[in-house]
Amino acid sequence: MHLSDVTHPNQLHGLSIRQLEDVARQIREKHLETVAASGGHLGPGLGVVELTLALYQTLDLDRDKVTWDVGHQAYPHKLITGRYHDFHTLRQKDGVAGYLKRSESKFDHFGAGHASTSISAALGMALARDLSGDNYKVAAIIGDGALTGGMALEAINHAGHLPHTNLLVVLNDNEMSISPNVGAIPRYLNKMRLSPPVQFLTDNLEEQFKHLPFVGESLSPELDRVKEGMKRLAVPKVGAVFEELGFTYMGPVDGHNLQELIATFKEAHKHTGPVLVHVATTKGKGYAIAEKDQVGYHAQSPFNLSTGKGIPSTKPKPPSYSKVFAETLIKLAEDNPKIVGITAAMATGTGLDKLQQALPKQYIDVGIAEQHAITLAAGMACEGMRPVAAIYSTFLQRGFDQIVHDVCIQKLPVFFCLDRAGIVGADGPTHQGLYDIAYLRCIPNIVLMAPKDEAEMQRMMVTGIDYKAGAIAMRYPRGSGYGAPLMEEGWEPLPIGEAEVLRQGDDVLLLGYGSMVYPAMQTAEILSEHGIEATVVNARFAKPLDEALILPLAREIGKIVTLEEGCLMGGFGSAVAESILDAQVPASVLRIGVPDVLVDHASPDQSKAALGLTPPQMAERILATYQVEKPVLVR
């Protein structure tokens, strides 16, 4: 069977092991070809090809439900559920999403872009099934990295309390999330999968049976059950934790042995109550370069498939914000041993892997556990440390109560560094960092700031480290800076709440925040070509606002435009409008930002154009809104 002919996973039912192995080969080829051309998550999907095919051999996807944690590992799922012919559009505008998406396919039973959600969602489906008197199967596939998240453990705790609720949890254990996993649970799983008796039995038991009289090559299905029983006898502690939590434990199973996987899943479906099948896989399986560098090939920009090397840019780019953040933090931490960088399993993404290499004692990775990371930082701040919590904007959402309850109510000096703030591109709505201004601005005892470029970021980092009156947060975008000249040392902190005027004009006041300051300057240049002169202010702080600067300018000019790369509801523009209203300044405010819509996957430039956030679009809207009576120049 050719993979291109598969539009429904049930078409694979009844195929021989050899035929399924051929399908697995085709999946890997298509997966590699597509990600090499357009970029995407590489290693996770390659590791679960056999797991996916084997599990779906035992399910009827017209009825049964499957939840995939995160979605990184679901590319093989997409390729056998009708998206083969569109797969070349992966993560592109109007193309196949990089994550699970209910609106994209009836086989995407639950959308997911953040980790540790699958067991909770699957248990919800199982309880709904039981309450409805139905009898379909429900399975959740979760990585061992996602088990470091508290939500997954909460779901396991609940499921284990329901002995009559049938639920299959498949633990995809590859020892990795994005980076190598940290914590006691991954260490325990590693002991299980690498236990010498388990390894010996897995590798040798079947071969020994072949030499028994009257058996030879005609191995019966009972052998799998014998192997499972022998494993349990040899290693009594295997699965003990899960068994004590109320699950029937099966494994560890070779995640690349289709025959063993199918037999195990069939057996698992026979049990009543929650069952956990522990599957040992290799991230990047089938692509040797990815197997050797599982961190680097978790996700890739377009690359050369034969060499594994990225396609070089046509021109050099300025350093990324993440790189500037990391290098600046290291220099500050070298002089201040109280500074500690904290990441929630995103060391490479945030740049904190560089801090780990340079100053390992001043680096902490808590695993996929943002809530814990925030309260941990609060505890450290209580004892005089200077915790720097580097967390993507979209992931900080997961710790909102901890920000309020554990940090801000107690006025603790935690420095939140929000990477990937704003429009992030191909990962789509689950990863857009559009809400942090709004969800942080409403909390007392926190300062919000955003640099206009990478040089100003350096000063804001000193500001964040020095600030001791409460929490402070700095948002910054994904990708390269503007090439602003950087300083090696000697950065001065910024006065809290102080903005700066970048351009003078009498006709309209443009207030830019963070990544929208340079576009505000470009917009002002376009307006100038139309005879409209704008004052441009780099706000720097969304909270507190520099009212001493902004309100007099608002009174004088009367026409204000706010520009932000975030949601309009409750955002920076709302803060300005509230300030002007409260001060009873007779001025009008035009807010430019992201309206009340979800921003889907596309390149950042495509998304900004669709949202009207390019300088020409913003200039046109300003002219149309204010209808400034000036002679229009021909461009």
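The legends below describe close-up views of a predicted model.

**View 1. The chain as a whole.**
The chain contains 25 helices and 19 strands. Of its 635 residues, 57% are buried. Among the contacts in the chain with a separation of 6 or more, 76% are accounted for by residues 24 or more positions apart.

**View 2. His114 in the loop between helices H4 and H5.**
An unreviewed UniProt entry lists His114 under "binding site", together with His72, Gly113, Ala115, Gly145, Ala146, Asn174, Tyr287 and Glu370. The loop that holds His114 runs between helix H4 (75-79) and helix H5 (118-132). His114 has 15% relative accessibility and therefore counts as buried, the cut-off for buried being under 20%. With neighbours within four places in sequence left aside, His114 contacts Asp69 and Val70, and also Thr394, Phe395, Gln397, Arg398, Thr430 and His431. One of these residues, Thr394, makes a polar contact through its side chain with the side chain of His114, at 2.9 Å.

**View 3. Asp144 and Asn174, two positions under a UniProt "binding site" annotation.**
The annotation that covers Asp144 and Asn174 comes from an unreviewed entry. The two positions are spread over 31 residues of sequence but cluster in space, with a largest C-alpha distance of 6.9 Å. Asp144 is placed in the loop between strand E3 (138-143) and helix H6. Asn174 sits in the loop between strand E4 (167-173) and helix H7 (184-194). Asp144 counts as buried because its relative accessibility is 1%. Asn174 also counts as buried, at 10% relative accessibility.

**View 4. Packing of helix H5 on helix H6.**
The axes of H5 and H6 (residues 150-159) come within 8 Å and cross at roughly 30°. The two helices are therefore roughly parallel to each other, since angles under 35 degrees count as such. H5 contributes Ile119, Ser120, Leu123 and Leu127 to the contact, and H6 contributes Met151, Ala152, Ala155, Ile156, His158 and Ala159. By class, the residues of this contact are eight nonpolar and two polar, with no charged residue.

**View 5. Packing of helix H16 on helix H18.**
H16 (residues 370-382) and H18 (residues 400-408) have axes 9 Å apart and pack at an angle of about 10°. H16 and H18 are therefore roughly parallel to each other. On the H16 side the contact is made by Gln371, Ile374, Thr375 and Ala378, and on the H18 side by Gln402, Ile403, Asp406 and Val407. The contact has four nonpolar, three polar and one charged residues.

**View 6. Thr328 within helix H13.**
Helix H13 covers residues 321-335 and includes Thr328. Thr328 is buried, with a relative accessible area of 3%. Not counting residues up to four places away in sequence, Thr328 touches Gln458, Met461 and Trp491.

**View 7. Helix H23 and the loop between H23 and strand E19.**
Ala577 lies in H23, which spans residues 572-582. With a relative accessible area of 27%, Ala577 is partly exposed. Ala577 and Leu590 are separated by 13 residues in sequence and by 8.9 Å in space, C-alpha to C-alpha. Gln584 is placed in the loop between H23 and strand E19 (588-594). Gln584 has a positive phi, near 55°, in a residue other than glycine. At 68% relative accessibility, Gln584 counts as exposed.

**View 8. Asp94 in the loop between helices H4 and H5.**
Asp94 is a residue other than glycine with a positive phi, near 65°. Its relative accessible area is 72%, and Asp94 is therefore exposed. The loop between H4 and H5 that holds Asp94 also holds His114.

**View 9. Cis peptide bonds at Pro252 and Pro544.**
Gly251 and Pro252 are joined by a cis peptide bond with omega about -5°. Pro252 belongs to strand E5 (residues 248-254). Lys543 and Pro544 are also joined by a cis peptide bond, with omega about -5°. Pro544 is found in the loop between strand E17 (541-543) and helix H22 (547-557).

Technical notes: Residues numbered from 1 in each chain as written. Predicted model: local features only at pLDDT ≥ 70, side-chain atom pairs only at ≥ 80, totals over all residues. Heavy atoms only, no water. UniProt positions renumbered as here; feature names shortened; annotations may be inferred. Helix = DSSP H or I, 4+ residues; strand = E, 2+ residues; numbered from the N terminus. Buried < 20%, exposed > 50% of the residue type's maximum accessible area, 1.4 Å probe, protein only. Contact = heavy atoms within 4.5 Å. Polar contact = N/O pair within 3.5 Å; in protein donor to acceptor, adjacent residues only side chain to side chain. Axes fitted to C-alpha atoms, helices over the stretch in contact; angles between N-to-C directions. Parallel < 35°, antiparallel > 145°, perpendicular 65-115°, else oblique. Nonpolar A, V, L, I, M, F, W, Y, C, P; charged D, E, K, R; others polar.
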